[in-house]
Amino acid sequence: MSRWKPDARGRLEKAALELYNHQGFDATTVVEIATRAGVTERTFYRHFADKREVLFLANPLADILASAAAAAPVSLPPLEVITHALTEAAPVFEDRGDLARQRHAVISANPELQERELAKLAALASTLARALRERGLETTTAALAAEIGIATFKVAYERWVNDPDRHPLAQRIRETLDTAGHLTAPAEHVAATGDVSFTGQEGAA
(Lines give C-alpha, C1' and ligand atoms only; values in the text may rest on other atoms or scores of the structure.)
Protein backbone atom coordinates (compact mmCIF):
# COMPACT_ATOMS: atom_id res chain seq x y z
CA MET A 1 0.00 0.00 0.00
CA SER A 2 2.94 2.27 -0.53
CA ARG A 3 1.29 4.52 -3.07
CA TRP A 4 -2.27 5.83 -3.12
CA LYS A 5 -4.15 5.10 -6.34
CA PRO A 6 -7.35 6.81 -7.48
CA ASP A 7 -10.78 5.23 -8.04
CA ALA A 8 -10.70 2.76 -5.17
CA ARG A 9 -14.41 2.00 -5.65
CA GLY A 10 -13.93 1.14 -9.31
CA ARG A 11 -10.91 -1.06 -8.60
CA LEU A 12 -12.78 -2.85 -5.83
CA GLU A 13 -15.70 -3.56 -8.15
CA LYS A 14 -13.39 -4.86 -10.87
CA ALA A 15 -11.41 -7.00 -8.42
CA ALA A 16 -14.57 -8.44 -6.88
CA LEU A 17 -16.09 -9.41 -10.22
CA GLU A 18 -12.87 -11.06 -11.35
CA LEU A 19 -12.68 -13.10 -8.14
CA TYR A 20 -16.38 -13.98 -8.15
CA ASN A 21 -16.07 -15.33 -11.68
CA HIS A 22 -12.76 -17.10 -11.04
CA GLN A 23 -13.42 -18.82 -7.73
CA GLY A 24 -17.12 -18.28 -7.02
CA PHE A 25 -19.05 -15.68 -5.05
CA ASP A 26 -19.35 -17.72 -1.84
CA ALA A 27 -15.65 -18.63 -1.81
CA THR A 28 -14.47 -15.03 -2.16
CA THR A 29 -13.72 -12.95 0.94
CA VAL A 30 -13.67 -9.22 1.45
CA VAL A 31 -9.99 -9.46 2.37
CA GLU A 32 -9.21 -11.08 -0.98
CA ILE A 33 -11.13 -8.40 -2.86
CA ALA A 34 -9.34 -5.60 -1.01
CA THR A 35 -5.94 -7.20 -1.53
CA ARG A 36 -6.52 -7.65 -5.25
CA ALA A 37 -7.66 -4.03 -5.55
CA GLY A 38 -4.61 -2.80 -3.62
CA VAL A 39 -6.55 -1.27 -0.72
CA THR A 40 -7.29 -2.12 2.89
CA GLU A 41 -10.30 -4.03 4.16
CA ARG A 42 -11.41 -0.82 5.89
CA THR A 43 -11.43 0.94 2.51
CA PHE A 44 -13.70 -1.77 1.12
CA TYR A 45 -16.24 -1.14 3.89
CA ARG A 46 -16.13 2.59 3.25
CA HIS A 47 -17.58 1.88 -0.19
CA PHE A 48 -19.70 -1.26 0.30
CA ALA A 49 -21.70 -2.66 3.20
CA ASP A 50 -20.83 -6.23 2.19
CA LYS A 51 -19.60 -8.22 -0.80
CA ARG A 52 -23.11 -8.58 -2.27
CA GLU A 53 -23.47 -4.83 -2.53
CA VAL A 54 -20.68 -4.77 -5.12
CA LEU A 55 -23.15 -6.45 -7.48
CA PHE A 56 -26.07 -4.18 -6.64
CA LEU A 57 -24.60 -0.71 -6.79
CA ALA A 58 -26.96 2.21 -6.59
CA ASN A 59 -27.34 3.68 -10.06
CA PRO A 60 -29.53 6.29 -11.74
CA LEU A 61 -31.56 3.67 -13.63
CA ALA A 62 -34.86 4.21 -11.79
CA ASP A 63 -34.62 7.98 -12.17
CA ILE A 64 -33.78 7.66 -15.87
CA LEU A 65 -36.76 5.37 -16.48
CA ALA A 66 -39.14 7.68 -14.65
CA SER A 67 -37.87 10.81 -16.42
CA ALA A 68 -37.87 9.19 -19.86
CA ALA A 69 -41.40 7.84 -19.41
CA ALA A 70 -42.62 11.26 -18.31
CA ALA A 71 -40.96 12.95 -21.29
CA ALA A 72 -42.27 10.53 -23.94
CA PRO A 73 -44.77 12.00 -26.43
CA VAL A 74 -48.34 11.99 -25.11
CA SER A 75 -49.57 10.14 -28.20
CA LEU A 76 -47.44 7.03 -27.56
CA PRO A 77 -49.24 3.86 -26.39
CA PRO A 78 -48.05 2.33 -23.09
CA LEU A 79 -45.61 -0.26 -24.47
CA GLU A 80 -44.00 2.31 -26.73
CA VAL A 81 -43.54 4.56 -23.70
CA ILE A 82 -41.84 1.61 -21.99
CA THR A 83 -39.65 1.01 -25.06
CA HIS A 84 -38.64 4.67 -25.10
CA ALA A 85 -37.79 4.65 -21.38
CA LEU A 86 -35.75 1.44 -21.53
CA THR A 87 -33.76 2.49 -24.59
CA GLU A 88 -32.98 5.80 -22.89
CA ALA A 89 -31.61 3.80 -19.95
CA ALA A 90 -29.54 1.43 -22.12
CA PRO A 91 -26.33 3.54 -21.93
CA VAL A 92 -26.19 2.87 -18.15
CA PHE A 93 -25.35 -0.73 -19.09
CA GLU A 94 -23.55 -0.18 -22.39
CA ASP A 95 -21.02 2.16 -20.78
CA ARG A 96 -20.07 -0.71 -18.45
CA GLY A 97 -20.38 -3.55 -20.96
CA ASP A 98 -17.59 -5.85 -19.73
CA LEU A 99 -18.46 -5.36 -16.08
CA ALA A 100 -22.15 -5.92 -16.84
CA ARG A 101 -21.34 -9.24 -18.51
CA GLN A 102 -19.17 -10.36 -15.60
CA ARG A 103 -21.87 -9.33 -13.14
CA HIS A 104 -24.50 -11.28 -15.07
CA ALA A 105 -22.34 -14.41 -15.02
CA VAL A 106 -21.90 -14.20 -11.24
CA ILE A 107 -25.60 -13.67 -10.56
CA SER A 108 -26.63 -16.46 -12.96
CA ALA A 109 -24.49 -18.91 -10.97
CA ASN A 110 -25.96 -18.01 -7.56
CA PRO A 111 -29.67 -18.57 -6.70
CA GLU A 112 -29.57 -16.17 -3.74
CA LEU A 113 -28.23 -13.40 -5.94
CA GLN A 114 -30.84 -14.21 -8.58
CA GLU A 115 -33.56 -13.57 -6.01
CA ARG A 116 -32.12 -10.17 -5.22
CA GLU A 117 -31.86 -9.35 -8.91
CA LEU A 118 -35.54 -10.24 -9.38
CA ALA A 119 -36.42 -7.94 -6.47
CA LYS A 120 -34.46 -5.16 -8.17
CA LEU A 121 -36.36 -5.73 -11.43
CA ALA A 122 -39.66 -5.71 -9.53
CA ALA A 123 -38.74 -2.31 -8.09
CA LEU A 124 -38.05 -1.02 -11.61
CA ALA A 125 -41.45 -2.32 -12.74
CA SER A 126 -43.04 -0.35 -9.90
CA THR A 127 -41.16 2.76 -11.04
CA LEU A 128 -42.46 2.36 -14.59
CA ALA A 129 -46.02 1.64 -13.43
CA ARG A 130 -46.00 4.79 -11.34
CA ALA A 131 -44.69 6.81 -14.29
CA LEU A 132 -47.48 5.45 -16.50
CA ARG A 133 -50.13 6.28 -13.89
CA GLU A 134 -48.78 9.82 -13.76
CA ARG A 135 -49.37 9.98 -17.51
CA GLY A 136 -53.04 9.24 -16.80
CA LEU A 137 -53.07 5.48 -17.41
CA GLU A 138 -55.45 3.37 -15.34
CA THR A 139 -53.75 1.48 -12.48
CA THR A 140 -54.21 -2.09 -13.74
CA THR A 141 -53.18 -1.21 -17.30
CA ALA A 142 -50.13 0.67 -16.04
CA ALA A 143 -49.06 -2.26 -13.86
CA LEU A 144 -49.52 -4.77 -16.68
CA ALA A 145 -47.59 -2.64 -19.20
CA ALA A 146 -44.75 -2.13 -16.72
CA GLU A 147 -44.51 -5.85 -15.92
CA ILE A 148 -44.47 -6.75 -19.62
CA GLY A 149 -41.81 -4.12 -20.19
CA ILE A 150 -39.51 -5.36 -17.45
CA ALA A 151 -40.02 -9.02 -18.41
CA THR A 152 -39.06 -8.28 -22.00
CA PHE A 153 -36.15 -6.13 -20.83
CA LYS A 154 -34.85 -9.12 -18.86
CA VAL A 155 -34.93 -11.24 -22.04
CA ALA A 156 -33.28 -8.45 -24.07
CA TYR A 157 -30.57 -7.99 -21.46
CA GLU A 158 -29.74 -11.70 -21.43
CA ARG A 159 -29.54 -11.69 -25.23
CA TRP A 160 -27.23 -8.66 -25.07
CA VAL A 161 -24.78 -10.05 -22.50
CA ASN A 162 -24.56 -13.34 -24.39
CA ASP A 163 -24.30 -11.79 -27.85
CA PRO A 164 -20.87 -12.53 -29.41
CA ASP A 165 -21.47 -9.83 -32.03
CA ARG A 166 -22.03 -7.15 -29.37
CA HIS A 167 -25.15 -5.58 -30.85
CA PRO A 168 -26.28 -2.50 -28.87
CA LEU A 169 -28.55 -3.14 -25.91
CA ALA A 170 -30.99 -0.51 -27.17
CA GLN A 171 -31.39 -2.55 -30.37
CA ARG A 172 -32.06 -5.72 -28.38
CA ILE A 173 -34.65 -3.90 -26.26
CA ARG A 174 -36.52 -2.62 -29.32
CA GLU A 175 -36.43 -6.05 -30.98
CA THR A 176 -37.67 -7.85 -27.89
CA LEU A 177 -40.48 -5.43 -27.10
CA ASP A 178 -41.44 -5.49 -30.77
CA THR A 179 -41.69 -9.27 -30.59
CA ALA A 180 -43.77 -9.03 -27.42
CA GLY A 181 -46.18 -6.78 -29.30
CA HIS A 182 -46.71 -9.54 -31.89
CA LEU A 183 -47.55 -12.26 -29.36
CA THR A 184 -51.27 -11.60 -29.71
CA ALA A 185 -51.15 -11.19 -33.49
CA PRO A 186 -53.30 -13.58 -35.58
CA ALA A 187 -51.49 -16.74 -36.68
CA GLU A 188 -51.75 -15.75 -40.34
CA HIS A 189 -49.93 -12.46 -39.57
CA VAL A 190 -47.10 -14.31 -37.86
CA ALA A 191 -46.84 -16.74 -40.78
CA ALA A 192 -46.79 -13.87 -43.27
CA THR A 193 -44.14 -11.85 -41.46
CA GLY A 194 -42.04 -14.74 -40.20
CA ASP A 195 -41.91 -13.04 -36.79
CA VAL A 196 -42.18 -16.20 -34.71
CA SER A 197 -39.08 -16.21 -32.53
CA PHE A 198 -35.82 -14.54 -31.70
CA THR A 199 -34.03 -17.25 -33.66
CA GLY A 200 -35.40 -15.88 -36.87
CA GLN A 201 -34.19 -12.40 -36.03
CA GLU A 202 -30.60 -13.23 -35.15
CA GLY A 203 -29.37 -13.60 -38.70
CA ALA A 204 -30.86 -10.29 -39.75
CA ALA A 205 -29.64 -8.32 -36.75
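The side chain of Arg172 makes a polar contact with the side chain of Glu175 at 2.8 Å, where a polar contact is a pair of N or O atoms within 3.5 Å, and within protein one atom must be able to donate a hydrogen and the other to accept it, while residues adjacent in sequence count only if both atoms are side-chain atoms. A polar contact also links the side chain of Arg172 to the side chain of Asp163, at 3.1 Å. Arg172 belongs to helix α9, residues 169–181, and its relative accessibility of 1% places Arg172 among the buried residues; buried here means under 20% relative accessible area, with exposed over 50% and partly exposed in between, for a 1.4 Å probe and protein chains only.

This is a predicted model, in which local features need pLDDT of at least 70 and side-chain atom pairs count only at pLDDT 80 or more, whereas totals for chains, interfaces and linings use all residues. Residues are numbered from 1 along each chain as its sequence is written, and side-chain values use heavy atoms, with hydrogens and water left out.

Turning to the whole chain, the protein has eleven helices and zero strands, where helices (H or I, at least four residues) and strands (E, at least two) are DSSP runs numbered from the N terminus. Of its 205 residues, 40% count as buried.

Helices α6 and α8 can be followed in detail. Helix α6, residues 97–108, packs against helix α8, residues 139–161, at an angle of about 110°, with the axes 10 Å apart; axes are lines fitted to C-alpha atoms, for helices over the stretch in contact, and angles run from 0 to 180 degrees between N-to-C directions. The angle therefore makes α6 roughly perpendicular to α8, since angles of 65 to 115 degrees count as roughly perpendicular, those under 35 as roughly parallel, those over 145 as roughly antiparallel and the rest as oblique. On the α6 side, Gly97, Ala100, Arg101, Arg103 and His104 take part, and they meet Tyr157, Glu158, Trp160 and Val161 of α8.

Within α6, the buried residues are Gly97, Ala100, Arg101, Arg103, His104, Val106 and Ile107, and the elements covering them include α1 (8–23), α5 (78–94), α7 and α8. His104 has 17% relative accessibility and so counts as buried. Leaving aside neighbours within four places in sequence, His104 is in contact with Tyr157, Glu158, Val161 and Asn162. The C-alpha atom of His104 is also 9.5 Å from that of Gln114, a residue ten places away along the chain.

In α8, the buried residues include Ala142, Gly149, Phe153, Tyr157, Trp160 and Val161.

A last stop is helix α7, residues 111–134, which contains Thr127. With a relative accessible area of 9%, Thr127 is buried, and, not counting residues up to four places away in sequence, Thr127 touches Ala62 and Ala66.

Note on methods:
Contact means heavy atoms within 4.5 Å.
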